[in-house]
Amino acid sequence: MPRPDSLTVRVLLTALVAFGPLSTDLYLPSLPTLVSVFDTDIATVQLTLSVFLAGFAVSQLVYGPVSDRFGRRPALLGGILIYLVASAACALTDDIETLIVARFFQALGACCGPVVARAVVRDVFGRDRAATVLAYMAMAMTLAPAAGPILGGVLTEWFGWRSNFLLLTGFAALILAATWTLMGETNANRDETALQPGRLLANYALLLRDRGFVGQMLTVAFAYSGIFAFISGSSFVLIGRLHLTPAQFGGSFAAVVLGYAVGSFFAGRLSARLGGPRMIRTGTAVSLAGGLLGVGLALGGVLHLAAVVGPVFLFMLGAGLTLPNAMAGAVGPYPMMAGLASSLVGFVQMTVAALIGVVLGHTHADSQLPMMTAIGLVALGGALAHRLLVSPRA
């Protein structure tokens, strides 16, 4: 097997982290189609997104301790297999209820990627280099959400909505084979007590008593929730209100994701030199500016493609600076329970995002205002969480 810090393994880790965004972004252009195909409403169709995040959140609490106890490799192989079977079920279903259930199980499998991959990065690169590696992984990973809606739009127009899930099934099979072949075990400090209920509760309590950890965790959660607010609401605004085709929607989505890629690039280049706290302060400020701009344009009644894409691009730029540094800041101080720390951050991140998705599903209007309001509020929350909980200790 290749060295754990080799380029081959880094590419595989990036692909594993991409399970989440691919599973949400690829079929986004088909969401309006699913409303008519299954003869249902927008709120029900959006449950396929929110339930995915709920499953993702719950399973975060499992994969971290499991990988701390049994190792990173077994946790990855088991999760990918679950994902493969659930993706096939999504492609074959004939009713919206079964699709929602299958999406939940798809999330249970997909979650192994980001949780265990972050722990592997901490195992291999240590606390100081983790932010840089995570930033470059995040930059490369933007290929998934950038290309996903474009590819999904084309597949939906040419072959129908099922083709998106068939592609995910094939992707899962490829990654399962690659992980079996290329991924060695990186956890040299397996904790035999990691799954004991008393030990779990004690470890969670230890993390939650750490004000800095809580601040970093909330910063991650709010930044990701802004991204998910756009994921959840963008197709209904851009396709439903601005009448873009699914393929045009994919192009607009890719333009927004470019902001995240640029932010991640600068995070990778500058984090080691300027330090995580300074990068997070800059990132949260940029995201807040984008959120406030978007709210202002929506309140002014400016329903235009640029009025949506421009502010969200700015928010994404700040999120690209913030997320890798906040994640490294949360997980880095805890090498003996990197999996558990990664799990807890991911659980809170996905739970907050899922709640925002549910709210957006019931607050559609004739403009982008609900989506932009959500983005503006979480941008403010991220800035406050870091300034009040992390900055005094930095």
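A salt bridge is a side-chain nitrogen of Lys or Arg within 4 Å of a carboxyl oxygen of Asp or Glu. The structure is a predicted model, in which local features need pLDDT of at least 70 and side-chain atom pairs count only at pLDDT 80 or more, while totals for chains, interfaces and linings use all residues. Residues are numbered from 1 along each chain as its sequence is written, and side-chain values use heavy atoms, leaving out hydrogens and water.

Select Asp94 and Arg162 to begin: their side chains form a salt bridge (2.9 Å, N to O). Asp94 sits in the loop between helix H5 (72-92) and helix H6 (96-110), whereas Arg162 belongs to helix H9 (residues 162-182), so the pair ties together parts that are 68 residues apart in sequence. Helices here are DSSP runs (H or I, at least four residues), numbered from the N terminus. Asp94 is exposed, at a relative accessible area of 62%, and Arg162 is partly exposed, at 28%. Buried denotes under 20% relative accessible area, exposed over 50%, and partly exposed in between (1.4 Å probe, protein chains only).

Next, select Arg72 and Asp68, whose side chains meet in a salt bridge (2.9 Å, N to O); both residues are buried. The whole structure contains two salt bridges.

Move to Gln368, in the loop between helix H15 (338-361) and helix H16 (369-390). Gln368 is buried, with a relative accessible area of 1%. Beyond residues up to four places away in sequence, Gln368 touches (heavy atoms within 4.5 Å) Val237, Ala298, Val302, Leu303, Ala307 and Val308. A polar atom of the Gln368 side chain lies 2.9 Å from the backbone oxygen of Val302.

Conventions. Helix = DSSP H or I, 4+ residues; strand = E, 2+ residues; numbered from the N terminus. Polar contact = N/O pair within 3.5 Å; in protein donor to acceptor, adjacent residues only side chain to side chain.
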